[in-house]
Amino acid sequence: MTYFFKTTAELKNHVAVSQALSVETLRPYLANGLASDEILGILGADLYTELLDAYDAANMDAAQTKLLEMVQSAIAPLAVYAYLKEAAVRISDAGVTTDREKTAFQWQQEKLESSQLQLAYRRLDALILFLQTNEADYSGWSATDEFKATLELLIPNAKEFSVYINIRESSRTFRTLKPFIRDVEMTRIAPLLSPALYSELKTQLETNSFSGDNAELMVLIRPAIAYLAVSSALDESSIELTPEGAYVTSVQATGNANIRDSKPASLDQAAKAKERYRQRGEAYLESLRQFLNSTATSSRYASFFSSSNYRSPETGQSYKQNPERNSFLAL
């Protein structure tokens with residue numbers, strides 16, 4: 001089984017590696033673990049197997065050829081990253097040892113590992129966008145759980161998140177934040193909007209076709225989610241928004257080796273950042289609430305207007321539709 005690469009030349013089309021590093025050396029890292037898991041998690045089992053079988057048989061159509069290029073571009077740096085994690089380590093009867101005479105300084109290797117992983121996740125994002133854009137060419141993919149996962153959240157990707165908080169479009173950082181984004185969406189946004197309006201937004205997200213009114217809502221919803229998610233992440237993880245995590249970093253000389261000294265951000269730093277992001281998120285939530293209350297009518301944001309969430313700006317009363325009389329009652 002080739003696992004999407006047959007020659008070293010193919011590999012070098014996607015990553016800058018030395019002549020000494022061959023596709024055979026990387027084969028275990030292409031076939032197992034991170035690389036195959038990430039691709040399988042996007043394509044789904046059926047499309048993954050279909051593409052791999054067609055590639056092995058050298059019998060690909062035009063759509064498969066385009067998809068292969070996208071898959072190879074993502075899987076190559078993932079395999080290199082996995083290889084780098086083990087390349088400086090020898091496992092023998094003597095145990096696990098490192099070859100310090102031949103390998104890069106620790107901080108240099110960490111930098112190279114990080115750059116390969118960042119490249120891989122950017123290309124994984126590109127693969128998802130490619131599949132979404134060319135959905136008609138890959139029958140069945142839009143019905144898979146893998147497709148649905150790409151549109152699971154109201155902030156669907158790192159690029160969109162970076163509009164509101166600069167994470168440098170880092171997919172690694174975004175993936176760290178996804179559980180917090182999901183939590184904010186479910187516990188703060190959905191209850192504020194009302195079930196019907198929230199469901200309407202999620203449906204339109206799946207087709208990337210927000211109505212004009214709902215597009216206005218997203219301008220307030222997305223920054224609220226972003227800031228509150230980061231506040232929660234800082235509380236639970238003490239993370240700073242860098243692809244490498246929350247670190248105060250310095251470089252110090254130790255003998256003949258340079259070692260990068262990374263320390264977690266202090267509790268005081270994390271607490272201040274958490275509160276700053278929380279306040280901004282709450283401000284956006286309040287703006288969203290006021291916007292809906294001042295704008296909703298029986299013809300605009302009607303599902304919110306007819307819910308118990310609506311409050312009249314003038315009276316503070318909630319108006320809920322009486323289905324028998326087709327009118328609205330003050331509560």
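The model is predicted, so local features need pLDDT of at least 70 and side-chain atom pairs count only at pLDDT 80 or more, while totals for chains, interfaces and linings use all residues. Residues are numbered from 1 along each chain as its sequence is written, and side-chain values use heavy atoms, with hydrogens and water left out.

Let's begin with the whole chain. Its secondary structure comes to 13 helices and six strands; helices (H or I, at least four residues) and strands (E, at least two) are DSSP runs, numbered from the N terminus. Of the 331 residues in the chain, 41% are buried, where buried means under 20% relative accessible area, exposed over 50% and partly exposed in between (1.4 Å probe, protein chains only). Among the contacts with a separation of 6 or more, 61% join residues 24 or more positions apart; a contact means heavy atoms within 4.5 Å.

Now look at helix α3 (residues 34-43) and helix α4 (residues 45-56), which pack at an angle of about 115° with their axes 6 Å apart. Axes here are lines fitted to C-alpha atoms, for helices over the stretch in contact, and angles run from 0 to 180 degrees between N-to-C directions. That angle makes α3 roughly perpendicular to α4 (under 35 degrees is roughly parallel, over 145 roughly antiparallel, 65 to 115 roughly perpendicular and the rest oblique). Ser36, Ile39, Leu40 and Leu43 of α3 meet Ala45, Leu47, Tyr48 and Leu51 of α4. By class, the residues of this contact are seven nonpolar, one polar and no charged. For these classes, Ala, Val, Leu, Ile, Met, Phe, Trp, Tyr, Cys and Pro count as nonpolar, Asp, Glu, Lys and Arg as charged, and the others, Gly among them, as polar.

On the α9 side the contact is made by Glu185, Met186, Ala190 and Leu193, and on the α10 side by Pro195, Leu197, Tyr198, Leu201 and Lys202. This contact has seven nonpolar, no polar and two charged residues.

Staying with α10, find Gln204 in this helix. Gln204 is buried, with a relative accessible area of 16%. Not counting residues up to four places away in sequence, Gln204 touches Ser209, Phe210, Ser211 and Asn214. Ser211 lies in the loop between α10 and α11 (212-237), and at 29% relative accessibility Ser211 counts as partly exposed. Ser211 and Glu200 are eleven residues apart in sequence and 10.0 Å apart in space, C-alpha to C-alpha.

Finally, the aromatic rings. The whole structure holds ten aromatic pairs; rings of Phe, Tyr and Trp (its six-membered ring) pair if their centres lie within 6.5 Å, with planes under 30 degrees apart counted as stacked, over 60 as edge-to-face and the rest as tilted. Phe130 and Tyr138 form a tilted pair, 6.0 Å centre to centre with 55° between the planes, and both Phe130 and Tyr138 are buried. The rings of Trp141 and Phe147 have centres 5.0 Å apart and planes at 75°, so this pair is edge-to-face. Trp141 is buried at 2% relative accessibility, and Phe147 is buried at 11%. Tyr227, Tyr277 and Tyr284 form one aromatic cluster.
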